Each structure stands twice: as structure tokens, then as C-alpha cells.
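Here is a short report on a protein model.

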Amino acid sequence: MSFAEEARSLGLGTALQKRHLEHAETDGVTRNDVGMLASYKERGVDRIERAVIVVLL
């Protein structure tokens, strides 16, 4: 999703992500890969799993 600074106070991105995760949970999802580690992503997690991925071409 893109971000519009003028809409920061509305918290729309956070609300949409929360709703998405709630739907995923009702579908039985127990893990969510949020992509590369960034400090802001740590706010809504109960643990961090680090992994190393090796791609051989």
C-alpha cells in the first residue's frame, strides 16, 4: 500500500492490515510473513523468526 502523509491521523493502513489479519486468522492462518525486517513491523508481533534464504541459479 502507498502512504499519504496527510492521512496519517486516520490510521487507515493500520486498520486495513489489522482487518486483513483478523480475516486470515478466521481462515486458520497461524503465521504471517511480513517481508524484510523493519523496526516498525515489530509493533504488532509476538515473536520474530529470522531465516536465511539461499537461491542457487
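## A pair within the helix

Glu-22 is partly exposed, at a relative accessible area of 31%. This is a predicted model.

Glu-22 pairs with Lys-18 in a salt bridge, and their closest N and O atoms are 2.5 Å apart. Helix α1 spans residues 12-26 and holds both Glu-22 and Lys-18. Four residues separate the two, about one turn of the helix.

Arg-31 forms a salt bridge with Glu-49. The closest N and O atoms of this pair are 2.5 Å apart.

How accessible are the two partners? Arg-31 has 58% relative accessibility, so Arg-31 counts as exposed. Glu-49 is partly exposed, with a relative accessible area of 44%.

## The network

Glu-49 also meets Arg-47 in a salt bridge, at 3.0 Å from N to O. A network of salt bridges links Arg-31, Asp-46, Arg-47 and Glu-49. The structure holds five salt bridges.

## The largest pocket

The largest pocket has a volume of about 1900 Å³. Its lining is made up of 40 residues. Leu-21, Asn-32, Val-34, Lys-41 and Val-45 lie nearest the centre of the pocket.

What is the make-up of the lining of the largest pocket? The residues divide into 17 nonpolar, 10 polar and 13 charged.

How values were computed:
Residues numbered from 1 in each chain as written. Predicted model: local features only at pLDDT ≥ 70, side-chain atom pairs only at ≥ 80, totals over all residues. Heavy atoms only, no water. 1 Å grid on protein atoms, 1.4 Å probe; cavity = no way out; pocket = protein on both sides within 12 Å on 5 of 7 lines; lining within 4 Å. Points joined across faces, edges and corners; volume = space filled by probe spheres on them. Nonpolar A, V, L, I, M, F, W, Y, C, P; charged D, E, K, R; others polar. Salt bridge = Lys/Arg side-chain N within 4 Å of Asp/Glu carboxyl O. Buried < 20%, exposed > 50% of the residue type's maximum accessible area, 1.4 Å probe, protein only.
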